[in-house]
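Welcome! Please take a moment to look over the sequence and the 3D view, then try each exercise before reading its solution.

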Amino acid sequence: MASSDAAALIPPFAGVERGLGRSLRDYLSMLRWHLAGIRLWIMLLSAVQVLAGVGFVLGISLFFRHIPTSAALFVSTGVPVINLLLVGLVFGPQVVAMQKNAGNYEYTRTLPVNRAVNAAAWATVCLAAGLPAMVISLVVAELRYGLDLQISPMIVPAVLLTSFAGTMIGYAIAHAIGNPMATQLISQLIVFVIFGFAPILYPISQMPGWLATLNWWFPFRQMAVMVRAALTPMPGSPVGTAYLVVGVWAVVSAGLAAWALGRRQ
Amino acid sequence: MTAAVAATEPLGPLEPRRGLRSGFPYWVESLRCMFRYDWGRLRQWVPMTVVIQTCMGAGMVLMYGFFYPQITPERALFIATGAPTLSLIPLGFVMVPNGVMQEKLGGTFDYVWSLPVRRSAQIASTFTLYTLMALPGTVLALLVATWRYGVHLSVSPLLLPAVLLCAVMAVTVGYGMALLIPNPLVTNVIVNALIFVVLLFSPIVYPASQLPGWLFDVHRVLPFESMAQVMRAGLSTGLATDVGLSFAVLGAWTLAGCAAAAWVVGRRH
């Protein structure tokens with residue numbers, strides 16, 4: 001009886017805090033949370049980003065006796081897309097799969113934070129992890145090949161949408177797929193696809209026709225079209241379609257993730 | 001109850017075995033037992049290994065093709081003859097170290113070491129089984145590559161020692177590396193970084209003459225170009241000549257891998 005008397009002394013919450021101020025504070029807390037989580041991996045992530053970005057920019061020239069300017073230009077303007085996608089699309093799902101295996105996934109779900117705010121914080125971290133790598137890759141490409149890059153203001157929406165869509169697709173793969181093994185397998189498959197089987201690093205005309213058609217429906221080629229159009233004056237596919245396709249993928253993936261996170265277990 | 005106990009013959013005290021078992025027949029017997037033990041453990045992974053290896057080898061062969069605006073017959077031949085090497089490298093340098101890592105984390109590794117068989121027999125069994133597991137995927141990757149690029153290969157008797165030596169080299173070096181590095185997570189990082197560098201910066205699907213001078217020299221010491229060279233010599237005429245040095249390089253790496261494994265295995269904890 002004494003214990004229930006003691007419990008009665010603890011005052012209950014004076015009501016649930018809501019509103020913009022609360023969201024902003026949660027956003028900052030979750031930003032710190034994700035940054036602290038990523039801190040363990042920072043060395044590995046930097047190495048992977050540099051290898052994937054600078055490595056490809058420099059390595060591609062070895063494939064040719066004399067590398068054609070168009071091939072150099074395609075790789076140099078495609079590598080930023082890969083840099084933007086690696087953390088949100090590939091690394092994120094793997095971390096969530098590990099958390100599910102280790103059992104701390106449930107814990108993170110119990111945090112008293114709005115899930116959209118949490119997703120926004122994670123998207124910010126992914127963007128911040130991709131941007132420096134992207135800039136370094138572009139600088140190395142410029143130094144190595146002396147390309148005629150003309151960066152237009154459209155780079156801002158292109159980079160933001162690419163990073164956001166990649167992160168949301170990764171979020172959906174991580175949360176909407178129950179089996180962590182499947183999540184890991186899919187994210188490894190995606191690595192293969194973004195490097196070799198989506199026309200990010202080379203022109204679409206070098207693929208077989210059916211694969212090119214298939215790629216029209218997938219977001220990776222369209223992301224490359226958006227980013228490339230903002231980096232070079234090269235005429236390419238209509239950019240409007242690319243924004244539309246990537247936008248649809250982002251919204252649908254975010255919806256899937258929200259559904260998976262919002263339902264009761 | 002008492003009757004049941006009384007009915008059994010009273011057991012004499014356990015006698016220790018007289019003398020240690022040793023000698024070549026005992027080693028062969030150990031090897032046979034280890035084959036059975038390892039095969040029982042590894043056979044569930046055989047289909048997956050073959051599938052992954054074929055996909056990696058064939059997938060990369062297709063991928064390299066997409067990067068070229070035109071695929072000349074010479075380029076096609078280089079890419080197709082690079083396929084077996086491309087499927088062996090992930091097996092030896094990623095899957096074998098990962099397997100060792102899993103065994104270390106799961107405790108199987110220490111258990112196997114505690115078995116009363118010669119450790120050299122344990123290692124010989126593992127190496128042989130992994131090498132045999134490597135072969136089907138390698139052949140399948142080559143078949144996919146020849147089909148995709150429609151190249152005509154002229155297979156010479158040199159192919160058999162070439163494939164075997166490459167497979168043994170990849171397995172021993174991968175295993176030796178995994179044993180030498182005590183922390184499994186470090187092994188994981190190294191193999192993942194290594195595979196990327198190797199697949200991009202090694203003259204496997206393109207001639208070594210396209211490399212800058214210093215990288216060319218580095219690849220005369222590393223095993224990857226030698227693997228591609230001996231495979232090419234077994235699959236085509238005229239593309240790779242004077243492969244004696246390449247065989248010597250591969251042999252040296254195999255010995256180094258065996259020596260590393262022997263040193264770690266022979267040492268006490």
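Predicted model: local features only at pLDDT ≥ 70, side-chain atom pairs only at ≥ 80, totals over all residues.

**Exercise 1. The contact between the chains**

Solution. 
- Step 1: Start with the residues. Chain A brings 22 residues to the contact, and chain B brings 26 residues.
- Step 2: Turn to the area. About 2200 Å² is buried between chain A and chain B, and carbon and sulfur atoms give 77% of that.
- Step 3: Find the residues of chain A that lose the most area to chain B. They are Leu62(A), Phe63(A) and Gln206(A), which together make up 34% of what that side buries.
- Step 4: Look for polar links. Across the interface of chain A and chain B there are 0 salt bridges, while 8 residue pairs are in polar contact, both partners being at pLDDT 80 or more.
- Step 5: Place the helices. On the side of chain A that touches chain B, helix H3 (42-59) and helix H8 (180-197) of chain A each supply at least two residues. The largest share, 7 residues, comes from H3(A).
- Step 6: Sort that side of chain A by class. It has 17 nonpolar, 4 polar and 1 charged residues.

**Exercise 2. The second largest pocket**

Work out what surrounds the second largest pocket: which residues are the closest to its centre, and which helix gives the largest share of the lining?

Solution. 
- Step 1: Begin with the space. The second largest pocket holds about 750 Å³.
- Step 2: Go to the centre. There are 32 lining residues, and Trp33(A), His34(A), Val95(A), Gln99(A) and Thr108(A) are the closest to the centre.
- Step 3: Trace the helices. At least two lining residues come from each of these helices of chain A: H2 (20-39), H4 (69-102), H5 (105-109), H6 (115-145) and H7 (155-176). H4(A) gives the largest share, 9 residues.
- Step 4: Sort the lining by class. It divides into 20 nonpolar, 10 polar and 2 charged residues.

**Exercise 3. A salt bridge in a helix**

Find how many salt bridges there are over all chains, then explain how Arg22(A) and Asp26(A) are placed along their helix.

Solution. 
- Step 1: Count over all chains. A search of the whole structure gives 4 salt bridges.
- Step 2: Check the pair. The side chains of Arg22(A) and Asp26(A) form a salt bridge, with 2.7 Å from N to O. The cut-off for a salt bridge is 4 Å.
- Step 3: Follow the helix. Arg22(A) and Asp26(A) are separated by about one helical turn because they lie 4 residues apart in helix H2 of chain A.

Technical notes: Residues numbered from 1 in each chain as written. Chains lettered and ligands numbered in written order. Heavy atoms only, no water. Contact = heavy atoms within 4.5 Å. Buried area = accessible area lost by both parts, 1.4 Å probe. Polar contact = N/O pair within 3.5 Å; in protein donor to acceptor, adjacent residues only side chain to side chain. Nonpolar A, V, L, I, M, F, W, Y, C, P; charged D, E, K, R; others polar. 1 Å grid on protein atoms, 1.4 Å probe; cavity = no way out; pocket = protein on both sides within 12 Å on 5 of 7 lines; lining within 4 Å. Points joined across faces, edges and corners; volume = space filled by probe spheres on them.
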